[in-house]
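Student: I have a model open and would like to learn how to read it. Where do we start?

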Amino acid sequence: MSHEPTVEELLRALAREDVRPRLAFKVQLTERLIAAMSARPRALWWRPVLVGITALLVLALVGWFLTPRMTTGATLVVETGEARVSWQRPVYFRWTRSGTSSIPAGQKFLLAEGDRVVLSGDGSGNLTFPDESRLYLAGGTAFVLEEMDPDRQVTRVTFTAGEVRAEVPPLPGRLFEVGTGAATVRVYGTVFRTRVVASDHTYSATDDGTTRVTLLDPAQGYPSVDVPAGYEVDAVIGQPLQVRPQAPHIDHLTLNGVSVEAEGILISNQPGLGIFGKTDTGSGDALLILEGRLVDRAPITPEGEFRLHFQAPAEGEYALCIAIEAPDGARSPCVSLSYRYDTTPPGILRLLEPAMPEVSGETVTIRGETEVGVRVRLNGEPIPVDPAGMFTTRWTLQPGENQMTLESCDEAGNCTRLEFVLIRR
Amino acid sequence: MIVLPPARFFHFWRGILAFSSDILHRKGQRATPSEEALMRQLARRDPDAAAEMVREYAEVVYRFIYHQVGGVVEDAEDLTQETFLAALQSAHRFRGDSRLRTWLFRIAAHKIADHWRARHRQPPQFPLEDWRPTAGEGVSPPAFLEETEVRDRVRAALLTLPPHYRTALVLRYVEEMSVAEVAQVMERSPKSVESILIRAKQMLAQTLGEADES
């Protein structure tokens, strides 16, 4: 009976085998080891360098992810003067870079959140946002771009000085807020103007749509009012908010039905003055007030137009006030108009030269005197008059008799005429 | 929920790690003082230490490798040299947690695995019938020839096994190491080694049986 070897027995057959390395191999192995010992150890300098570079890359990547992203996009355009922009930009993680830039007229600057802008007193400019909202900035305006979040559709600008006119397109859900020390003006698509009168006084007027003005007065519980188009409000800390119509615009004037221009004071020898004006309210009455007394009242058309009439009772100067009265009785500030009714012609017009009517030469010097501030014409040709009322000119005579007409007219159109004859010999 | 203070938390995990290490290496032998001294000399690049190491350990390492590369002398020599060079490079890392022979076998096992990976990932499949007796009828082969034939068959069958099965079998039955020592070489727990041995023997028996049938 033969014994079947087990796996262990078969494996132990290997153990019984006399397996040895060649002697030459052992010698060679020893020499190889000794040679490896004398060889310079492998340069591993690159390991710490690699670890360092990897650590730096990881650090840079993490820092880059943690660096706050600033929203930019509001473009400041300086039209006249100069603007100074104080800015701060994130560079890496919490490291920021800041500076101040002077932006001359005609240049643009891309603003980011937190930027502060001061426009020079003689400057003007505009600020355009990505949604096409636009702020028109007056000289001396100073503001901070507080927030510009396209995700939340919120834009906040805080003014510390100056005046701004805002045009905000009516986008649904879009909040545009202009703040000052005294008030905030919130809009959802409108045109309005805001002026920082003082640190505790802000004026705001709405030209289109509606704005909501909140008085930043904790003592009054932060009251708010809606200001519709054509109305305005003065937000003064410590005083109630009162919405009133805006002062109207005088479109044109007529005297006895003829259009006239007026700069400062309107002077005329015509007693009937027609006043055509415009306002954004589209309701209420237009009032003509003389020394606190109502002279004329006219309803405002739905288009916002009105017509008033004043009949001067006698010669003299009249300080007229044109105002708008809302249906609730609130009255706008006055638009002043000075009107002088004058029917008296200039009292002085004297010919000083030539002294005699007969003249020997072809040309003659005409010299005379009149009142200060009048216009003089000789035979219809205007003659310059000096501030003292004296005038001198040369005139070419025809042979024989020359009929001469000298005319002195004041601003109201009243004229004094002097006619005489010069004879050329 | 139990919240451990930081110091206790640290001691807790250190204990867990120490316990795991103990399971892994329990019953394993530590290096003798002379082995540790030899490795210190080797770490200091002492040529005498290199010569002594070759003198003491070249044969066992060579034999361990030889049986796992199908008895190919060139491969066994190459891998033995690579093992000793690697040992020289890592001499400063020898902590004496195991016998020096065990540590060398561990390096050699890695080198063998690398060797087979480099060679198409699988050891060559030697046809076992080639090792069958070739003597003519009525002629009894000499006894030593039978022994040689058996060894060749077993070596060829070993090459068909997964590398860690082969390593476990060679360590346990050829090098006659204890299960604990085999566990140290293979960096496994003794329990794991025991189950590997059982499966490896079954697979080897099956391979040899199939060869006999063919």
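Tutor: Start with contacts: two residues are in contact if their C-beta atoms, placed from the backbone, lie within 7 Å. Keep in mind that this is a predicted model. Among contacts in chain A between residues at least 6 apart in sequence, 50% join residues at least 24 apart. In chain B, 70% of the contacts between residues at least 6 apart join residues at least 24 apart.

Student: How do I read a strand by its side chains?

Tutor: In a regular strand the side chains alternate between the two faces of the sheet. Take β7 of chain A, residues 134–137: L135(A) and L137(A) point to one face and are buried.

Student: Which strands are joined to β7(A) by bridges?

Tutor: β6(A), residues 124–128, is joined to β7(A) by four bridges and runs antiparallel to it. Another four bridges join β7(A) to β9(A), residues 154–168, again antiparallel. Y136(A) shows both pairings: N126(A) stands opposite it, and its bridge partner in β9(A) is R165(A). The hairpin of β6(A) and β7(A) has five residues between the strands, and there E132(A) takes a positive phi near 75°.

Student: How do I find the edges of a sheet?

Tutor: Look for strands that pair on one side only. One open sheet of chain A has five strands in the order β28-β34-β33-β30-β31, with mixed pairing. Its edge strands are β28 (358–359) and β31 (381–383). Two bridges join β28(A) to β34(A), residues 415–424, and these two run parallel. In β34(A), I423(A) is the bridge partner of E358(A).

Student: What does the contact between the two chains look like?

Tutor: Count the residues on each side, then ask which elements supply them. Here 29 residues of chain B are in contact with 21 residues of chain A. The elements giving two or more residues to the chain B side are α3 (47–66), α4 (73–89), α6 (143–158), α7 (163–174) and α9 (190–213). Of these, α3(B) gives the most, with nine residues. By class, that side has 17 nonpolar, three polar and nine charged residues.

Student: Which residues touch the most other members of the largest nonpolar core?

Tutor: That core has 58 residues, and those touching the most other members are L11(A), L42(B), V61(B), I65(B), L104(B), A108(B) and L169(B). α3(B) gives the most to this core, with 11 residues. Leaving out residues up to four places away in sequence, L169(B) touches L11(A), L158(B), L197(B), A200(B) and L204(B). A second, separate core of 37 residues includes F159(A), A205(A), L215(A) and Y231(A).

Student: Why is α7(B) described as largely enclosed by the rest of the structure?

Tutor: Because nine of its 12 residues are buried. The buried residues include R166(B), L169(B), R172(B) and Y173(B). From its first C-alpha to its last, α7(B) reaches 15 Å, close to the 16 Å expected at 1.5 Å a residue. The helix is followed by E176(B), whose phi is positive, near 55°.

Terms used:
Residues are numbered from 1 along each chain as its sequence is written. Chains are lettered from A and ligands numbered from 1 in the order in which they are written. This is a predicted model: local features need pLDDT of at least 70, side-chain atom pairs count only at pLDDT 80 or more; totals for chains, interfaces and linings use all residues. Ala, Val, Leu, Ile, Met, Phe, Trp, Tyr, Cys and Pro count as nonpolar, Asp, Glu, Lys and Arg as charged, and the others, Gly among them, as polar. Two strands pair if DSSP finds at least two bridges between them. A nonpolar core is a set of buried Ala, Val, Leu, Ile, Met, Phe, Trp, Tyr and Cys residues joined through C-beta atoms within 7 Å. A residue is buried if 20 or more other C-beta atoms lie within 10 Å of its own, exposed if 12 or fewer, and partly exposed in between; C-beta atoms are placed from the backbone. The expected span of a helix is 1.5 Å times one less than its number of residues.
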